[in-house]
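Me: Hi, I have a model open and would like to talk through a few spots in it. Could you help me read it?

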Amino acid sequence: SHLRGYINMDTVIRIFNCMKLLNLPTNSPDLTPELAWQSCKDAIEHRHGEQRIPLITEIGDSICASDITQEELNRAIDMMATFDH
């Protein structure tokens, strides 16, 4: 969402901090670019040819995107790695 300009970094940090306060997982050693991309491809198979990946546009609101690229996903994973988990 942030990389597409839907939310600013303050909102990203707010969501991330909320997840941490609730003891929700914020990362996984299993989250690799290859696995994430395979998950997107699997989503297409099960969603009639569409990714339909939810992206936050503001707290409490989202859209579904079906045009996420592998490169975009890799950039998002790289950005997530910079956060204090």
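Me: Is Arg 75 buried, exposed or partly exposed, and why?
Reply: This is a predicted model, and in it Arg 75 counts as partly exposed because its relative accessibility is 37%, which lies between the 20% limit for buried and the 50% limit for exposed.

Me: Where does Arg 75 sit?
Reply: Arg 75 belongs to helix 3.

Me: And which side chain does Arg 75 make a polar contact with?
Reply: That would be Glu 71: the two side chains are joined by a polar contact of 2.5 Å.

Me: How far apart are the C-alpha atoms of Arg 75 and Leu 22?
Reply: They are separated by 26 Å, and the two residues are 53 apart along the chain.

Me: OK, switching to helix 1. Which of its residues are buried?
Reply: Thr 11, Val 12 and Phe 16 are buried there. They cover an arc of only 135° around the axis, so they end up on the same side of helix 1.

Me: What do those buried residues pack against?
Reply: Helix 3, residues 70-80.

Me: What's on the other side of helix 1?
Reply: You'll find Asp 10, Arg 14 and Leu 21 exposed there.

Me: Now the ends. Which residue caps the N-terminal end of helix 1?
Reply: Asn 8 does, with a side-chain oxygen 3.2 Å from the backbone nitrogen of Asp 10. After helix 1 comes Asn 23, which has a positive phi, near 60°.

Methods:
Residues are numbered from 1 along each chain as its sequence is written. This is a predicted model: local features need pLDDT of at least 70, side-chain atom pairs count only at pLDDT 80 or more; totals for chains, interfaces and linings use all residues. Side-chain values use heavy atoms; hydrogens and water are left out. Buried means under 20% relative accessible area, exposed over 50%, partly exposed in between (1.4 Å probe, protein chains only). Helices (H or I, at least four residues) and strands (E, at least two) are DSSP runs, numbered from the N terminus. The arc is that of the directions from the helix axis to the C-beta atoms. Contact means heavy atoms within 4.5 Å. A polar contact is a pair of N or O atoms within 3.5 Å; within protein, one must be able to donate a hydrogen and the other to accept it, and residues adjacent in sequence count only if both atoms are side-chain atoms.
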